[in-house]
Structures are given as structure tokens and as C-alpha cells.
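Please read the points alongside the sequence and the structure.

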Amino acid sequence: MQAFTKLTGIAAPLPKANVDTDQIIPARFLKSISRTGFGKNLFANFRYREDGSENPDFVLNQEPYRKAEILIAFENFGCGSSREHAPWALLDFGIRCVIAPDFADIFHNNSFKNGVLPVRLPREVCEQLMEDARMGGNARLTVDLEREVVVRPNGEEIPFKIDPLRRHLLLNGLDDIGQTLQHASAIDAYEAKRKASQPWLAGG
Amino acid sequence: MSGQKPRTLFDKIWDAHVVETLPDGTALLYIDLHLTHEVTTPQAFDGLRQAGRKVRRPEATLAVIDHNIATDASRYTGIEDPESRVQVETLERNVQEFGVPFIPLLDQRQGIVHVIGPELGRSLPGMTIVCGDSHTSTHGAMGALAFGIGTSEVEHVLATQTLLQKPARNMQVLVEGNLALGCTAKDIVLAIIGKIGTAGGTGHVIEFAGDAIRALDMAGRMTVCNMSIEGGARAGMVAPDQTTYDYVRTRPMAPKGEALERAIEYWKTLPTDAGAHFDKVVKLAAHEIAPQVTWGTSPEDVLPITGIVPNPEEAADEARREQMRRKMQYMGLQPGQRLQDLKVDVVFVGSCTNSRIEDIRAAAAVARGRKVAEGVRAMVVPGSGLVKAQAEEEGLDRILQEAGFEWREAGCSMCLGMNPDKLTPGQRCASTSNRNFEGRQGPGGRTHLLSPAMAAAAAIAGHLADVRDFQPQQAQ
Ligand code: SF4
């Protein structure tokens, strides 16, 4: 996983609540067996018209947002299906950070595991950032995970909080399987105990 | 144990599965059962391969194909869509390479992962159950802690049989009293989501309780738990009771004999203690719930079937007004229209929410002796091969086909637009599935969520209809 430390880039405004994972990447594009290549179908139902041509009204089809690295949205971002293809599609498009008032649980989890940083900030702050984002290329935002601040184009710093373990893994680009396997003996001990107390689970 | 703090069902299952607690409070949680399917696993197995890791407990894992297969006879002649075929073949190769138990496509036990887990007796009370699919919450009906995970977590469970998890908060949804005629578990859960909203359960595990929940059979409890995720909850659960034990007793892969008796003794210790703390409590009166149907593009956009399409201009603020206008436009609705006047093109009875034998019986009871309206395509897709066989033994397939319904093979089918069963743009569908998001059943498709009996009523009427107007008829 690619580490996330500090990112300065163009932020795309997506002033919508309840952006679900079916919108982020519709089910018909989930058939790939790799983790890459989903970026072209990110938000496909908004980005393309029925005949397959680009919809010029959608933010990610406009300059400079084609190169957006940050996305600003409203409440309950990432609700719906558990598909990890959602952060994969964001990442593959180039978006490494989503800022919203809150996130659906599974999406929130999945993002961290793929080096996409979900930042929770109050609605009023998201509205301000949305305005910043509308200014396009002249208004880059900085997201600094080390210091846990978002820096607005006017230099104002907005603090945010990330769970310490997740922050550590993300800053260092660590895989949590490796981390967990350090506890292998505790898992062995748990399994031995469980076999004795719940023998009906032993076979499966 | 005396002196111990009263605990909820969730607390008890959680505590029993903590392998270790890390300094920041994150738990390494042991996973008893890992269900897998073709869509969310290829990248996970690939990750294992690249790291040279094995599946830690293949016997605690079960794989099945359900999402992207056809549900007509074409499944017997191979999968047409090349990408779907690759995904299915990849799973077949992976289960072989890693020694994971697998139910092949043409096995009679094949079906939607959330239908077959309980049906086969693999999902049991007291377990932690995960699957790379948000509707894993379904298995909570068994009195288990069951939740959906992403593909990285699938890989984590395959490799370690554990997950890193922060404890959730406890929420109780109490449904008291008796359900009115024509109302079902689906109406209960839609009413709950209407009340709490799609983010109402975020960060929580919901325990559904109250005598209206106790009175539900296992299929009904599964329907309710299935849609917990639509209320934003991490998981939903119902405490195990005699209904649960009687169900488990008849399941082929469940423990038997003395092992089962010992298990039941343990399961009886699981229900929430008197006085246990819930961070949030929501109450509903069952008799106030009328047959429900969604009008918008989020499961919380739900109304009684007697309702009318709301007026966006009456919404509280401009953001909400704008959102509602967008929903109306997408759904092709006018404010003030009667829901019962909305003509449907397609009716879908199926999905992990409502494809069990009880659901098919409910649809057939309405369809018996009646005909699907002209111009409506109506389909019934059983949740598993075993459900299908049972329905055929009961003659339900005949009743449904005589009424003009298509009778299909088991799978996810029209619940999501990734297999050949899809809506075309603008089509309006009465669907027993769980999500009415834009494009969920196919680009441009318009979904109205409702119960199986309500879906059958819509098929007969040709428009959304009140099932209470459809008294059962005898076969002609
Ligand atoms: S039936 Fe629908 S919701 Fe259920 S597992 Fe299949 S696709 Fe997901």
C-alpha cells in the first residue's frame, strides 16, 4: 500500500449527501479480477451519457477537476454495498482523499486499507471547502496527515482527527496482515481454548 | 456470573471473540465463519498468493457463486459474458488452490450466499460471521454477529482468521405488538429505516427485539437483519430462542445430537441481560405499520402504500428540496401522485432479502388463481436450489407460472445490475430487494422496494397496489 503523508492538490466539489458505492462504481463494472483499471468507470452513471460520451456537466469531466486528487462531499459518503472497488476506483482515478461530514462504516474502513484518506469535518467546514474547491486550479488544498490538518488556500488550518493505529499504518504504508501475524501465538491459543469450550465449531 | 455488568447480546458475542486488545482499544476479533463469493474475492486470493500466504482455516470458509450468473437455463450451457466467466473461473481455481470448501454452480445447494449460510446450518448462533458483502448482516437473525467486509479484510480473514475491529455501539430497535393483516417482516424493516434514516444506525450494531420480532419466523428475522445495513448499522441481530433452535435442528450441516444440545445450552446464555445498556433505543408499534413501499432512490424514502408522492417544495431546506427534485426526476414522479397509480413494467421477487420459501409462498398466495397484468414482466427467483426444489415440491412454481410469472434458477439476479437480469432505462420495477439506488437494477431503472406479497399484488394489478385488497383465492 502506498503511504499517505501530505498531499497538496486540486479538490473537486461534489455537493451531494448519501453518495453510495453504486454511484461511485456501478455493479456492472465489478467484473475485473484486478485492483486497478476501475478509474475510468468512477461515477460512470454521472460521467457518461447513455451513448457513452462524456457528460460535460459532471465535475470530473471539467478542467481542472480531471486532475482532482481530493473530493469534497456531504453526509454519509460511501453508503451501500461493501465493494472495495469504490476506493480502488477513486485511487485509480487519482483521488487520494475524501472530505465529508461523515462516512459509511465499511467504506471508511476500506479506504484506509487502500491508502485513501477519509477526513471527517463538520458540515459547515465542508461547505467552506466546497467553496474553495469551486475556485478550481488556483485553490489547492493541502491535507497533512502527519500534523492532522487541512490547509485552505487562504492558509487557514483546519484540524482533524484520525484513529492513531490507522494513522500509523497509513503514514508508513503498512499492510495490516503482517501486523496481525505478529499475534499468531495469541490466535493459536484462542483456537485451542475455543476447541475445548465450543467443540461444535471445531469442524468448521 | 454474579457481580458482572449486564451485557447485550452483541457485547457477549464480541467479548467471546476477542483474541487480544491492542493498546488503542482495537480488538483482534476471531472469525468463526467466512463466507465468500466470486465478486469480492479474486483480489484477496491474489494478495495471498503474492505474499506466499495460505488460508489459515479453509474448513471455516465456504465459497459459492451467486452474483454474476444467469438465472435462466443458459447457466447449464456456460456463462456468456466473458468477464463474468473469468470471475467465476477465477473463484473455481482459487478454491482448489487454497483448499476452500466450495458449492459449484450446478450443485442443488447453490444459491445466494446469505440464503445458503443459514439454510445449510453453517451460520449458527453465537458465531462471528463475515463475508465480502454488506448484506452479511442477514446472518444476525441466527443470533450471530455478522457483518460485511471489504476485499482487503477478506484477505486478512483468509490469512489470519481474525479482523482488526473497533467495538461498535449498541442500539436496540423494539417492535412491540401485533402486525396488521397484510404486513410482513419487510414492512417492519422498511418502516424502521423510514424512521431512523439511512445513517440512523451508523457506528452501531442493532439488536431487534420486542414481541413483534419474537413472533417472526427465521425467514422474517433474516429479512429484517438483512436490511440493517440500509439503516447504516454495522450489523443487525436477533437473540436466539426456541424458534432459532428448532430451525437449526433441521439443517444439514448444523451440529447434531449431543454436540447440538451442548451448543444450545451455550446459546441460551447469549440473550441480552436485563438492565444492559443501549446507547440508542428506537421503538415502533407493530400495529401502526401499514404495507410499505419506497418512492425515491434511498431506502429511507418510504411510505405506506396508501400514501402520495411527496412535494419537494415542502422540504425543510434548499439542499433537501434539490435532492428531492433530483429523486423525483430520476423516478419519473409528480408530487401528489398516488403511489397506487404508479404503473410497473417489471416485478422482481427475489434477492437475499426475500427469496426464501416463506417469501415464495407469500407471493404465490397472492398470485394463485390470478393473472399477471398485460405488459408486465414478473419474475420469481428463488434464493437457492434447495428453496427452488422445496417450492416445486409444494407446487408453487406451477401456481406462479400459471399466473404468468417467470420461474428462475437461484442467484442474485435483478437485485443488482451485474448479470443478464437488468432493467432498461426508465423501466419501473416493484422489487423485493433491498436497494433502490439510482441504477442499482440497471442504468436508468426505477426501483420500488416492497414485500413479496405486495410485489405479487403489483404484478397482478399492473401498478403498485395494496395487498390488503387481494384476498387469497382458490385455484380454478
Ligand atoms: S441478492 Fe442482492 S443484496 Fe443480496 S447478496 Fe446478492 S446482490 Fe447482494
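**Notes on chain B**

1. Strand β2 (residues 27–30) of chain B is joined to β8(B) by four bridges, and the two strands run antiparallel. Within this pairing, B:Leu28 has B:Leu164 of β8(B) as its bridge partner. Strands pair if DSSP finds at least two bridges between them; strands (E, at least two residues) and helices (H or I, at least four) are DSSP runs, numbered from the N terminus.

2. The model is predicted: local features need pLDDT of at least 70, side-chain atom pairs count only at pLDDT 80 or more, and totals for chains, interfaces and linings use all residues. Residues are numbered from 1 along each chain as its sequence is written, chains are lettered from A and ligands numbered from 1 in the order in which they are written, and side-chain values use heavy atoms, with hydrogens and water left out.

3. The open sheet has three strands in the order β1-β2-β8 (chain B), with antiparallel pairing. Because β1 (18–21) and β8 of chain B stand at the edges with a single partner strand each, one side of each is left without a neighbour in the sheet.

4. In strand β8 (residues 162–165) of chain B, B:Thr162 and B:Leu164 point one way, B:Leu163 and B:Gln165 the other way, and all are buried (under 20% relative accessible area, 1.4 Å probe, protein chains only).

5. Helices α8 (residues 218–226) and α9 (residues 242–249) of chain B pack at an angle of about 110°, with their axes 10 Å apart. α8(B) and α9(B) are therefore roughly perpendicular (65 to 115 degrees).

Methods. Axes are lines fitted to C-alpha atoms, for helices over the stretch in contact, and angles run from 0 to 180 degrees between N-to-C directions. Angles under 35 degrees count as roughly parallel, over 145 as roughly antiparallel, 65 to 115 as roughly perpendicular and the rest as oblique. Buried means under 20% relative accessible area, exposed over 50%, partly exposed in between (1.4 Å probe, protein chains only).
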